[in-house]
Amino acid sequence: MKYSLGIDVGSSFAKAVVLGEGILLSYAVVPSGGNFAEAARKVAKAAIEKAVLSNADISTNIATGYGAAAVDFASRTVADITCHAAGIFHLVPSARTVIDIGSQFCRAIKLDDDGRVANFVQNEKCAGGSGKFLQVIARILHMKVEDIGALSLEATHPVEFTTGCAVFAESEAVSRIAEGASPADILAGVHKAMSAKIANLTVRLGLVQDCVVTGGGAMDIGLVRTLEAELGARVLVPEEPQITAALGAALLAH
């Protein structure tokens, strides 16, 4: 059997997927930390061991993502947008728009009928539409990022942020806390500010259904629901939205 490995080294998390003849056998996710090369080795080892394989069993591999250049054992590297497209199209063949909400960037990607990238737009250096915004607010509220989504759905009076910038929003969130705003209302306001930026990117690209949301931000149910409301359209979320680029890399390697 031919085994392939896909590695996606993001700014916050490294992901790896092992395929056997194109079928998903295992995956792993670990924090990227301050050493992308070490994170790549660690996540690849974890995914290979979960598949009950050894390095010698892997026929070929592809690295992608923010830290792909640091993966010194990769057969080659491929742009993460291409890998996201391949991974999503494999999971959802009807997908024509992909919204990738990562820690560093947010991108809207348009796919053609064959699952190839037809066009894309990406946020600029501002983190306002990316997962970094959620990390900043979670730190202020002394809570885990994974707990944000459910809590935000309990909001009764979402805070209106006057800025879409993550840096200025941090100061604004502190002010709202001092004024007595609840964490749920602050989080709902953050989701609304983020969704406005993400929706703007998607509208610039041209929303075509089916629309799939991927990346770490897709694991935040509150953000997904707010984005649906902002877009006025249903969005789909893969079962494991963090691994789609790694999956695409493994598929391309296969």
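**Group meeting: helices, salt bridges and a surface patch**

Leu25 is partly exposed, at a relative accessible area of 39%. Keep in mind that this is a predicted model. Leu25 sits in strand E3, which covers residues 23–31. Together with Met1 and Ile23, Leu25 makes a nonpolar surface patch of about 330 Å².

Now to the helices. Two packed helices are described by the angle between their axes and the distance between the axes. Take H3, residues 131–141, and H6, residues 183–205. Their axes are 11 Å apart, and the packing angle is about 165 degrees. Angles over 145 degrees count as roughly antiparallel, so H3 and H6 are roughly antiparallel to each other. Their crossing is right-handed.

How many of the eleven residues of H3 are buried? Eight are, so H3 is largely enclosed by the rest of the structure. The buried ones are Gly131, Phe133, Leu134, Val136, Ile137, Ala138, Ile140 and Leu141. After H3 comes His142, and its phi is positive, near 55 degrees.

Next, charges. The structure holds 14 salt bridges. I'll go through some of them.

One joins the side chains of Asp80 and Arg107, at 3.0 Å from N to O. Asp80 is in helix H2, residues 80–91, while Arg107 is in strand E7, residues 106–111, so this pair ties together parts that are 27 residues apart in sequence. Is Arg107 buried or exposed? Arg107 is buried, with a relative accessible area of 5%.

Another salt bridge joins the side chains of Glu160 and Lys192, at 2.9 Å from N to O. Glu160 lies in the loop between helix H4 (148–152) and helix H5 (166–178), and Lys192 lies in helix H6, so the pair ties together parts that are 32 residues apart in sequence. That brings us back to H6, the helix that packs with H3. Lys192 is partly exposed, at 39% relative accessibility.

Then there is a salt bridge within one helix. Arg225 and Glu228 have their closest N and O atoms 3.4 Å apart. Both are in helix H7, residues 221–231; they are three residues apart, and therefore separated by about one helical turn. An α-helix has 3.6 residues a turn, so residues three or four places apart point the same way. Still, Arg225 is partly exposed at 43%, whereas Glu228 is buried at 17%.

Last item: a network. Which residues are linked in a network of salt bridges? Glu38, Arg41 and Asp72 are.

Conventions. Residues are numbered from 1 along each chain as its sequence is written. This is a predicted model: local features need pLDDT of at least 70, side-chain atom pairs count only at pLDDT 80 or more; totals for chains, interfaces and linings use all residues. Side-chain values use heavy atoms; hydrogens and water are left out. Patches are made of residues with over 30% relative accessible area and no salt bridge: like charges are joined within 9 Å, nonpolar side chains (Val, Leu, Ile, Met, Phe, Trp, Tyr) within 5 Å. Accessible areas come from the Shrake-Rupley method with a 1.4 Å probe; for residues, only the protein chains shown count as cover. A salt bridge is a side-chain nitrogen of Lys or Arg within 4 Å of a carboxyl oxygen of Asp or Glu. Helices (H or I, at least four residues) and strands (E, at least two) are DSSP runs, numbered from the N terminus. Buried means under 20% relative accessible area, exposed over 50%, partly exposed in between (1.4 Å probe, protein chains only). Axes are lines fitted to C-alpha atoms, for helices over the stretch in contact, and angles run from 0 to 180 degrees between N-to-C directions. Angles under 35 degrees count as roughly parallel, over 145 as roughly antiparallel, 65 to 115 as roughly perpendicular and the rest as oblique. A crossing is left-handed if the near helix is turned anticlockwise from the far one by less than a right angle, and right-handed if clockwise.
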